[in-house]
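These notebook entries record what I looked up in one structure. I begin with a single residue and then turn to helices, pockets and salt bridges.

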Amino acid sequence: MKCIVGLGNIGKRFEQTRHNIGFEVIDYILESNQLKLDKQKFRGAYTIERVAGDKVLFIEPMTLMNLSGEAVGPLMDYYNVEVEDLLVLYDDLDLAQGQVRLRQKGSAGGHNGMKSIIQHLGTDQFKRIRIGIGRPTNGMSVPDYVLQKFSKQEMETMQRVIEHSAHAVEDFIASSRFDHVMNEYNGEAK
């Protein structure tokens, strides 16, 4: 079973903020397939669905971002998901808006949600899709910036990014060849 995790913060006030782009991609995939997160356990909202013939566990942690691993780790253990079947989607300050970077493994890169997942799993050897949100350029603090909603113009770009990332997830589910998916989807969202 594959496990697809989108990172974000729960609550209405965080919807459509930069830090919630992982949630946005999961929501897009589920809505496109008339599915929804209909279960809760271990501080995570989730569903298990058949996609492209495979069972897939979709998770949105219902913790604070910095505690994401507290939901992901126990749900993966409960459903016996192997680390090589995990794919995490999250925002990345070091990539420009419109950029998507797929990786087989790596450090948290300063992202506290990823630090929590790495800590709870005991490894950084899992797949991820880093979604560029850019850095603040007007002197705004990073916490204020990532919790800020996208402007209308930015949302036009980010809608393409959400769709691009969702297609990458769907291709990974269908093919299991993440190296091929990386070759296809790394770079600017089309």
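**Entry 1. A residue of helix 5**

Is E156 buried or exposed? I found E156 to be exposed, with a relative accessible area of 53%. The terms are set as follows: buried is under 20% relative accessible area, exposed is over 50%, and partly exposed is in between, with a 1.4 Å probe and protein chains only. E156 is found in helix 5.

The model is predicted, so local features need pLDDT of at least 70 and side-chain atom pairs count only at pLDDT 80 or more, while totals for chains, interfaces and linings use all residues. Residues are numbered from 1 along each chain as its sequence is written, and side-chain values use heavy atoms, with hydrogens and water left out.

**Entry 2. Helix 5**

I checked the length of helix 5 next. Helices (H or I, at least four residues) and strands (E, at least two) are DSSP runs, numbered from the N terminus. The expected span of a helix is 1.5 Å times one less than its number of residues. Buried residues of helix 5 include M155, M158, V161, I162, V169, F172 and I173.

**Entry 3. Helix 1**

I made the check again for helix 1 (residues 21-32). Its twelve residues should span 16 Å at 1.5 Å a residue, and its end C-alpha atoms are 16 Å apart, which agrees. Which residues of helix 1 are buried? I listed I21, G22, F23, E24, V25, I26, I29 and L30. These buried residues pack against strand 1 (2-6), strand 3 (44-51), strand 4 (54-61), strand 5 (86-92), strand 7 (127-132) and helix 5 (152-175). Contact here means heavy atoms within 4.5 Å. Just after helix 1, Q34 takes a positive phi of about 50 degrees.

I then followed I29, which lies in helix 1. Its relative accessible area is 3%, so I29 is buried. Leaving aside residues up to four places away in sequence, I29 touches F58, A166, V169 and E170. I29 and H167 are 138 residues apart in sequence, yet 8.5 Å apart in space, C-alpha to C-alpha.

**Entry 4. Pockets**

I looked up the pockets on a 1 Å grid over the protein atoms alone. A pocket is an open set of points where a 1.4 Å probe fits, with protein on both sides within 12 Å along at least five of seven lines, and lining residues have an atom within 4 Å of a point. Grid points are joined across faces, edges and corners, and a volume is the space filled by probe spheres set on the points.

The largest pocket has a volume of about 500 Å³. Of its 28 lining residues, H19, D91, G110, H111 and N112 are the closest to its centre. Strand 5, helix 3 (112-121), strand 7 and helix 4 (142-146) each give two or more residues to this lining. The lining divides into ten nonpolar, ten polar and eight charged residues. In this count Ala, Val, Leu, Ile, Met, Phe, Trp, Tyr, Cys and Pro are nonpolar, Asp, Glu, Lys and Arg are charged, and the others, Gly among them, are polar.

The second largest pocket holds about 180 Å³ of space. Helix 1 gives the most to its lining, with three residues. Among the lining residues are N9, E15, F23, E24, D27 and M62.

**Entry 5. Salt bridges**

How many salt bridges does the structure hold? I found eight, each being a side-chain nitrogen of Lys or Arg within 4 Å of a carboxyl oxygen of Asp or Glu.

The side chains of K2 and D54 meet in one, at 3.4 Å, N to O. K2 lies in strand 1 and D54 in strand 4, so the pair ties together parts 52 residues apart in sequence. K2 is buried at 7% relative accessible area, whereas D54 is partly exposed at 30%.

R43 and E70 meet in another, at 2.4 Å, N to O. R43 is in the loop between strand 2 (39-41) and strand 3, and E70 is in helix 2 (residues 69-78), 27 residues apart.

D92 also forms a salt bridge with R130, the closest N and O atoms being 2.5 Å apart. This pair links strand 5 to strand 7, 38 residues apart. D92 counts as buried at 10% relative accessibility, and R130 counts as buried at 18%.
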